[in-house]
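Welcome! Please keep the view beside the text as you read.

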Amino acid sequence: MIYLTRKAEFSASHYYHNPEWSAEENQRVFGKCANLNGHGHNYTLEVTVSGDVDAVTGFVIDLKQLKDILNREVLDDFDHRHLNKEVPEFSGQIPTTENIAVAIWKRLESKLRPARLHRVRLYEMPDLFVDYYGE
Amino acid sequence: MKVYLTRRYLFAASHRLHNPLLSEAANRETYGKCNNPYGHGHNYFLEVTVSGPIAPETGMVCDLEALDAVVTREVLNQFDHQNLNQLQDFSTMIPTTENLTIRVQQILSRLPLPAHLESVRIEETANNSFEYAGAQEPRR
């Protein structure tokens, strides 16, 4: 078993708002993230896959294919987009780093065979990141 | 569902690695320049990882302001700009970053936190880092 991690970056805007709460409650819980005009981040995504090394190619996964999958499944939809308004997963849930990481996991999980998706790590800022293992 | 969230903090402190039970020569042999008599310092990066389910109403695993408040009060305010050797925490323990990491994990594990504490990781320099998850193995 070997683990391979590929990094990618995307820039996107979002805001945090629970429509079932008052404006005051949103402000109290989400602070400056509640500004409905939105704000943005440069997100760094690290996708780790695991699997056996192929005896013929020496690869656990073809890096070019992995890059194409990340672009097609994630970056094309997320990069330079407003997550609340343009990414369907967030029409009904708040695009926190936690929820974005889980959404990315769900988009990638079945696309990487025969390698296995091991971890999605998403940095919102250098001092804040989330890990999801599909647990 | 279980999501892990890691928050990164910075503090600066000095230390000297010296075991009074060893000879001067043995200390020098063991600790090298870390044994220099007047100590030296580092900018330590501390990573605190917590875990839990995502609360549907907030989309969050942890109230970050609450986590920051605990870590600032109980760790950063205790260690930042201090000489670690002079602190009660290290009165009987050499302030290696191994011991510092364990100490910070022990401090945080005994406090009520806004999410479950998974592990503590400290970078002493860009080349050295240490991780402690208590009884469990750190995640890969």
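## Where the two chains meet

In this predicted model, chain A brings 22 residues into contact with 19 residues of chain B. The area buried between chain A and chain B comes to about 1800 Å², and carbon and sulfur atoms give 56% of that area. Three residues, Glu98(A), Phe129(A) and Glu135(A), supply 28% of what chain A buries against chain B, more than any other three residues.

Polar links cross this interface too. Twelve residue pairs are in polar contact between chain A and chain B. On the side of chain A that touches chain B, the elements giving two or more residues are α1 (23–30), α4 (97–108), β4 (116–125) and β5 (128–132) of chain A. Which element gives the most to that side? The answer is β5(A), with five residues. Sorted by class, the side of chain A that touches chain B has 13 nonpolar, four polar and five charged residues.

β5(A) also pairs with a strand of the other chain: together with β1 (residues 3–15) of chain B, β5(A) forms five bridges in the antiparallel sense.

## Charged pairs

Side chains of opposite charge can pair when their charged atoms come close. Over all chains, the structure holds 20 salt bridges, and two salt bridges are found across the interface of chain A and chain B. Here are two examples to look up.

| Salt bridge | Closest N and O atoms |
|---|---|
| Asp131(A) and Arg139(B) | 3.0 Å |
| Arg107(A) and Asp77(A) | 2.7 Å |

## An aromatic pair in chain A

A pair of aromatic rings is described by the distance of the centres and the angle of the planes. The whole structure has eleven aromatic pairs over all chains. One of them is formed by Tyr16(A) and Phe30(A), an edge-to-face pair with 5.5 Å centre to centre and 75° between the planes. This pair joins distant parts of the chain, with Tyr16(A) in the loop between β1 (2–14) and α1 of chain A and Phe30(A) in helix α1 of chain A, 14 residues apart.

## A walk along chain B

Chain B contains three helices and five strands, and their order along the sequence is β-α-β-α-β-α-β-β. Taken along the principal axes, the C-alpha atoms of chain B fill a box of roughly 60 × 30 × 25 Å.

Strand β4 (residues 116–123) and strand β5 (residues 129–132) of chain B run antiparallel and are joined by four bridges. A hairpin of five residues takes the chain from β4(B) to β5(B). Within this pairing, Arg121(B) stands opposite Glu131(B) in β5(B).

## Two backbone details

Most residues other than glycine have a negative phi, and most peptide bonds are trans. What is the peptide bond from Arg113(A) to Pro114(A), cis or trans? That bond is cis, with omega near 10°, and Pro114(A) is found in the loop between α4 and β4 of chain A. His80(A) has a positive phi of about 60° although His80(A) is not a glycine. You can find His80(A) in the loop between α2 and β3 (81–82) of chain A.

Terms used
Residues numbered from 1 in each chain as written. Chains lettered and ligands numbered in written order. Predicted model: local features only at pLDDT ≥ 70, side-chain atom pairs only at ≥ 80, totals over all residues. Heavy atoms only, no water. Contact = heavy atoms within 4.5 Å. Buried area = accessible area lost by both parts, 1.4 Å probe. Salt bridge = Lys/Arg side-chain N within 4 Å of Asp/Glu carboxyl O. Polar contact = N/O pair within 3.5 Å; in protein donor to acceptor, adjacent residues only side chain to side chain. Nonpolar A, V, L, I, M, F, W, Y, C, P; charged D, E, K, R; others polar. Pairing = 2+ DSSP bridges. Phe/Tyr/Trp six-rings, centres within 6.5 Å; stacked < 30°, edge-to-face > 60°.
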